[in-house]
Amino acid sequence: MNLMIKVGYGMVILFLLVGCQKEDQLSSGLVDEALQPFLEAFESEGLARNYQPVFSTDLVHMRLDTLPNSVTGQCKTYSDGRKEVVVSSAFWAQATFYEKEFLVFHELGHCILDRVHTESTNDRGQCNSIMHSGQGTCRNIYGAGTRRAYLDELFYYE
Ligand SMILES: [Zn+2]
């Protein structure tokens, strides 16, 4: 996140804005193609729940990269307000579909929905939200059978 990187991104964004005026579209060349389907799923699941996000192409950056220690994903906020989801390429290489979706939706929960962590737990010790930190004690049961309820919570949490 040094100055060179910021300047580099700034130039890329300027180019995209000049070349494409669709600022309200999620899709952009700044999203890694491996992550793109998950971003599109996030958008469609949000829209299906009447969530009306203010998306812009210069807000959503997503890439795979090396992350320190056991960090699997991050939502970075830059000084100019832009945000970027970085997903661990090592994690991505071995994760299942639902592990990938959980991680991307969690990070987009930070970056797009401005959600913070919650360790809220049901009476069986299961996490009530995909916005749990992973550092707490609740058990993550995100999967085919729980996806709908978790996404309802994600987009309806207010
Ligand atoms: Zn988080």
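Which residue is the bridge partner of Cys75 in E3? The partner is Val85, and the points below place this pair in a predicted model, in which local features need pLDDT of at least 70, side-chain atom pairs count only at pLDDT 80 or more, and totals for chains, interfaces and linings use all residues. Residues are numbered from 1 along each chain as its sequence is written.

**Strands around E3**

- Strands (E, at least two residues) and helices (H or I, at least four) are DSSP runs numbered from the N terminus, and two strands pair if DSSP finds at least two bridges between them.
- Strand E2 (residues 73–77) runs antiparallel to E3 and is joined to E3 by five bridges, while strand E1 (residues 60–65) runs parallel to E3, with six bridges between them.
- Asp65 has Ser88 as its bridge partner in E3.
- Five residues lie between the strands in the hairpin of E2 and E3, where Gly81 takes a positive phi near 100°.
- Of the six residues of E3 (residues 83–88), five are buried, that is, 20 or more other C-beta atoms, placed from the backbone, lie within 10 Å of their own.

- Leaving aside residues up to four places away in sequence, Phe105 touches Phe42, Ile130 and Leu154, where contact requires C-beta atoms, placed from the backbone, within 7 Å.

Note on methods. A residue is buried if 20 or more other C-beta atoms lie within 10 Å of its own, exposed if 12 or fewer, and partly exposed in between; C-beta atoms are placed from the backbone. Two residues are in contact if their C-beta atoms, placed from the backbone, lie within 7 Å.
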